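Let's take a walk through this protein together. Have a look at the sequence and the 3D view, then read on.

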Amino acid sequence: GSAPAAMTDYVIRPGDTLIGVGERHFTNPENWRQVQTINRIADPYRLRIGSVLRIPTAYLRVANAGGRIIAYQGRASIVRNGAGTPPRLDQSVMEGDILETGPNAYLRVGLADGGAIIVPSNTRLRIDRLRADALTGSLDQSFSVLNGRVESRVSPVRNGGAYTVRTPVSVSAVRGTVYRTGFDAELSRATTEVLEGAVDVEAGAAAASVAPGQGAVVSDAGLVVKPLPARPYLVDPDAPSSAAEVVFDIVPVPGAVAYRAMTASDPGLVNVTAQTESNRGEARIVFPSLPDGFHYLAISAVTADGLEGPVSVYDFLRARNAVRDLTVEPLPAHPGGRSHLFQLTSDGASTPRYRFQLGRVGEDPLIDREGLKDDRLQIPDLKPGVYVWRVRSSRTVQGQLVDVWSAPQTLTVRR
């Protein structure tokens with residue numbers, strides 16, 4: 001019969017014979033005869049060292065080239081034979097496994113060639129093939145995005161190997177690149193976003209080569225290639241992150257309808273700690289809470305047709321130090337005036353020191369006390385009038401002093 005279309009090259013080494021190559025590397029050793037015919041070899045025992053032998057890839061023995069979990073966060077699971085289990089670091093994954101992530105969850109799978117596939121929140125990814133041929137070590141790696149989105153960091157594909165990500169409506173194939181693939185099951189829409197290298201996308205009879213900075217959208221309208229949205233930037237990268245909620249305002253990106261963000265404990269964004277997305281039409285990211293310490297933030301813009309652009313990465317210090325629930329209570333009057341009890345409250349992991357200022361409206365402070373450890377302060381003999389007061393909370397986080405002032409408060413003392 002005719003030879004299979006896919007071929008693998010093998011360079012002849014000292015001591016090789018065609019029969020020996022077949023015994024070591026073919027699923028059926030007798031296929032050496034067909035290889036002899038394909039390569040027009042007169043004597044299977046006399047092969048020229050350094051010459052190239054063309055072998056049908058389908059003849060080659062393959063080995064498992066499984067991946068392993070190198071990072072995870074939140075409610076994620078590995079579904080194998082219908083049963084889901086939580087991931088473990090260094091756990092092996094294999095063909096047929098389905099990787100699932102819930103809200104604010106994340107999985108990162110290391111691949112045999114040093115690449116990785118990243119599974120963010122609300123995604124289902126099936127591993128279709130993780131194989132290496134025994135002859136050249138080339139890899140055949142294939143995945144299917146059932147819903148959600150993934151990012152691929154692909155090492156250069158060598159020796160006839162392949163790296164493919166499928167959705168129900170598209171196929172993306174690469175030879176060494178960084179790109180994302182997404183599928184919205186509700187809209188039946190697939191997206192491919194290329195950050196480095198190039199990706200070939202197929203959708204039925206349509207095909208396109210997608211360059212860096214471009215994205216492909218496959219929907220009922222067909223296959224369309226568009227520019228990715230620009231990289232977003234923070235309005236104030238140095239703004240303190242001390243309130244109960246962690247808020248970042250973003251300079252609006254033309255064409256963006258939303259923004260995605262994640263935090264990690266490392267600059268490579270391997271150990272992801274939180275993920276969120278802005279409200280549609282808002283250039284603001286809000287994390288309900290984050291622990292104190294240094295974090296890395298990655299933000300990206302998203303267009304109306306689901307294309308996500310490149311990320312900007314920032315480092316920031318999260319130092320919870322929110323002044324809140326300030327109260328003042330008048331004490332019984334006496335001939336010298338009326339005393340007041342001020343309650344000073346702030347949120348944070350370390351012990352605060354307070355600074356208290358009080359004065360007449362539009363004047364310098366009458367009272368300015370620093371280094372207060374007690375959260376209650378009694379001020380005697382305030383004369384009738386209108387006063388303005390405020391409180392500063394100071395905490396040391398990761399060796400850095402963090403100062404936060406409250407908003408000015410008004411106090412009216414009556415006769």
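Strand 22 (residues 246–251) contributes the most to the lining of the second largest pocket, giving 4 residues. Strands here are DSSP runs of E with at least two residues, numbered from the N terminus. A pocket is an open set of points on a 1 Å grid over the protein atoms alone, where a 1.4 Å probe fits and protein lies on both sides within 12 Å along at least five of seven lines; lining residues have an atom within 4 Å of a point.

This is a predicted model, where local features need pLDDT of at least 70 and side-chain atom pairs count only at pLDDT 80 or more, while totals for chains, interfaces and linings use all residues. Residues are numbered from 1 along each chain as its sequence is written, and side-chain values use heavy atoms, leaving out hydrogens and water.

Back to that second largest pocket: it holds about 260 Å³ of space, a volume being the space filled by probe spheres set on the points, which are joined across faces, edges and corners. Of its 15 lining residues, A239, P240, S241, V247 and F248 are the closest to the centre.

Altogether, 4 bridges join strands 22 and 25, which run antiparallel; two strands pair if DSSP finds at least two bridges between them.
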